[in-house]
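Dear colleague,

Please find below the structure that I am handing over to you. My findings follow directly after it.

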Amino acid sequence: MPQKALILGGTRGIGKAIADALVSIGCAVHAASKKDIDTSDIASVKAFASLHKETDLLVLNTGGPLQKKFFEVTEEEWLTAHN
């Protein structure tokens, strides 16, 4: 089964290049855009995260909190990093 990758900001620029590179090595990639998730809105983030619980690799090409496992990021850390 291929690794599942989620790329925020993955529809253009460096995010798209990362998504394309991961596809080329056999990853199943979901490249999210601003239409998919508003990272400045915690409700949007929570709704999006609930749909992608089985993600193996997360690329936050939108800025964000310090590196750690996605579900270990606190709401306060998320808000501080994105606002």
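Which residue in S2 does Leu6 stand opposite? The model is a predicted one, and in it the residue of S2 that faces Leu6 is His30. A second pair of this kind is formed by Leu8, which has Ala32 of S2 opposite. Between S1 and S2 there are five bridges, and the two strands run in the parallel sense.

**The sheet**

These two strands belong to an open sheet of three strands, ordered S2-S1-S3, with parallel pairing. From one strand to the next, the twist averages 15°. Helix H1 packs on this sheet and touches S1, S2 and S3. The direction of H1 makes about 170° with that of S1. As to burial, S1 is mostly covered, since four of its five residues are buried. In general terms, the strands of a sheet pair through backbone hydrogen bonds, in either a parallel or an antiparallel arrangement.

**Helix H2**

Four residues of helix H2 (residues 42–51) are to be noted as buried: Ser44, Val45, Phe48 and Ala49. Viewed down the axis of H2, the buried residues fall within an arc of 130°, so they line one face of the helix.

**The cavity**

How many cavities of 30 Å³ or more does the model contain? The count comes to one. The volume of the largest cavity is about 60 Å³. Its lining consists of Leu6, Leu8, Ile37, Phe48, Ala49, His52, Leu58, Phe70 and Trp78. S1 and H2 each contribute at least two residues to this lining.

Is Arg12 buried or exposed? Arg12 lies in the loop between strand S1 (4–8) and helix H1 (13–24). Its relative accessible area is 65%, and because the cut-off for exposed is over 50%, Arg12 counts as exposed. Arg12 is 17 residues from Val29 in sequence, and their C-alpha atoms are 14 Å apart in space.

Lys34 belongs to the loop between S2 and H2. With a relative accessibility of 74%, Lys34 is likewise classed as exposed. The C-alpha atoms of Lys34 and Phe70 are separated by 19 Å, the two residues being 36 residues apart along the chain.

Val73 is situated in the loop between S3 and helix H3 (75–82). The relative accessible area of Val73 is 18%; because buried means under 20%, Val73 is assigned to the buried class. Val73 and Lys4 are 69 residues apart in sequence, with a C-alpha to C-alpha separation of 20 Å.

With kind regards

Terms used:
Residues are numbered from 1 along each chain as its sequence is written. This is a predicted model: local features need pLDDT of at least 70, side-chain atom pairs count only at pLDDT 80 or more; totals for chains, interfaces and linings use all residues. Side-chain values use heavy atoms; hydrogens and water are left out. Buried means under 20% relative accessible area, exposed over 50%, partly exposed in between (1.4 Å probe, protein chains only). The arc is that of the directions from the helix axis to the C-beta atoms. Two strands pair if DSSP finds at least two bridges between them. Axes are lines fitted to C-alpha atoms, for helices over the stretch in contact, and angles run from 0 to 180 degrees between N-to-C directions. Contact means heavy atoms within 4.5 Å. On a 1 Å grid over the protein atoms alone, a cavity is a set of points where a 1.4 Å probe fits but cannot get out, and a pocket is an open set with protein on both sides within 12 Å along at least five of seven lines; lining residues have an atom within 4 Å of a point. Grid points are joined across faces, edges and corners, and a volume is the space filled by probe spheres set on the points.
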